[in-house]
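Please keep the structure in view while reading.

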Amino acid sequence: MDFSLTDEQRMIRDSVERFVDKSYGFERYLTTLAAPSQSDPAVWAQFAEFGWLGLPLPESAGGFGGSAVDTMLVAEGLGAGLVIEPYIANVVLSGKLVALAGSAAQQEALLGGVVAGTGRLSTGFHERGARYDLRHCATRAEATDGGYRLNGAKAFLLDAPNAERLIVAARTAGDSADENGISLFVIDAAAAGVSLRPYAVMGGGVAADLQLDDVEVGAAALLGEAGQGFAALERALDHATAAACAEALGAMQALLRRTAEYAKVRKQFGAPIGAFQVLQHRLVDMFNALEQSRSLVYMVSILVDSDDARERRKAISAAKAYLGKASKFVAQQAVQIHGGIGMTEELDVGHYFRRLTTFGNLYGDRRHHVRRFAELTMAD
């Protein structure tokens, strides 16, 4: 399999690296982290100017129709730079979901603002007690004259406090464990009956729990066809998971580089700690975990665009399960080698650790993806 990048992809990678090196440092991260929204409008506007917000979205809606490999390059660079902006939640998950499920008119209406950086979307698909099972959907949408009435609750909507519109999975038919009958609705975050309970996410960013109480929407709020939202939601979530793995890869790479540099200058017993064989072995183990993770991220970024649903799901779960373990190992080793300073707020190592800890549970933890991979393999 050819993993070499095209000229255009190298340009994407280089543009992200330049942005991180010249325009986004640890001090800017801390400033954004201290803001109530944990987002910098100026940075988001730069994302739009660079074309990153439209990269994975269809050209018919103003995007660039890029591949998952293109998205991987952006996500990896942002992860390496500890960039706090919710690129994956807004563009990869919500934007891709509209592109997969929405009509041409809906795509044009919803994605134009995403591409321009003037509108944000957040997706609500997770419910408490579901344990990452997308089929578990107790939120109901009852048909009314000219529309629907929504009731229910969703948990952990990433960047919802900053979003103008919410995409919500609600059941129009079937029971709470059936993948058939799940529909997608686009609702105004300020609509009557919509309430958000916002909170900060460990490692940066904000999220919210959503409560829907007799929320009235028109027929145009239905994204795609009634009862047919599950496949699009699962596929968009696979794209988001692949991008999250790339972001974690970038963070792991940054941690290894910082730890190796620290081992060269930190002295103990009159010698750099990097001269001690036991620490050399740890750094090698971190490097091996990083390179194996890199291979899986490249693989999954190619296969996530596959129309073979089983192949795509297996690749996603294999990558997420492995990186969930590898990222935890790299983060823990980085903190331990740095010692007490690795746990301070003034050093970025601890912030990378938090980001990777959150990644371990994002879009399904290791146990969930090992189980899904096993089920798919047994079904072959």
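## Make-up of the largest pocket

In this predicted model, the lining of the largest pocket is made up of 15 nonpolar, 10 polar and 10 charged residues. The volume of this pocket is about 850 Å³, and among the 35 residues that line it, Arg 131, Tyr 132, Asp 133, Leu 134 and His 368 are the closest to its centre.

Several elements take part in this lining, with at least two residues each coming from the helices α5 (87-101), α7 (230-265), α10 (348-361) and α11 (366-379) and from the strands β1 (121-124) and β3 (147-158). The largest share belongs to α11, which supplies 6 residues of the lining of the largest pocket.

## The second largest pocket

The second largest pocket has a volume of about 440 Å³, and 24 residues line it, with Glu 17, Val 20, Gly 77, Ala 80 and Gly 81 lying nearest its centre. By class, the lining of the second largest pocket holds 11 nonpolar, 5 polar and 8 charged residues.

Here α1 (7-23), α2 (26-34), α4 (68-80), α7, α8 (277-303) and α10 each provide at least two lining residues. Of these, α1 gives the most to the lining of the second largest pocket, namely 5 residues.

## The enclosed cavity

When cavities of 30 Å³ or more are counted, the model has 1. The largest cavity contains about 370 Å³ of space, and it is lined by 25 residues, of which Leu 158, Gly 204, Glu 247, Arg 355 and Leu 362 are the closest to its centre.

At least two residues of the lining of the largest cavity come from each of α5, β3, α7 and α10. The lining of this cavity divides into 16 nonpolar, 5 polar and 4 charged residues.

Lys 96 is buried and yet has no salt bridge, and the nearest side chain of opposite charge, that of Asp 305, is 4.8 Å away.

What is Lys 96 in contact with, leaving aside its neighbours within four places in sequence? Its contacts of this kind are Pro 56, Leu 57, Val 91, Ala 236 and His 239.

Terms used: Residues are numbered from 1 along each chain as its sequence is written. This is a predicted model: local features need pLDDT of at least 70, side-chain atom pairs count only at pLDDT 80 or more; totals for chains, interfaces and linings use all residues. Side-chain values use heavy atoms; hydrogens and water are left out. On a 1 Å grid over the protein atoms alone, a cavity is a set of points where a 1.4 Å probe fits but cannot get out, and a pocket is an open set with protein on both sides within 12 Å along at least five of seven lines; lining residues have an atom within 4 Å of a point. Grid points are joined across faces, edges and corners, and a volume is the space filled by probe spheres set on the points. Helices (H or I, at least four residues) and strands (E, at least two) are DSSP runs, numbered from the N terminus. Ala, Val, Leu, Ile, Met, Phe, Trp, Tyr, Cys and Pro count as nonpolar, Asp, Glu, Lys and Arg as charged, and the others, Gly among them, as polar. Buried means under 20% relative accessible area, exposed over 50%, partly exposed in between (1.4 Å probe, protein chains only). Lys and Arg count as positive and Asp and Glu as negative; His and the chain ends are not counted. A salt bridge is a side-chain nitrogen of Lys or Arg within 4 Å of a carboxyl oxygen of Asp or Glu. Contact means heavy atoms within 4.5 Å.
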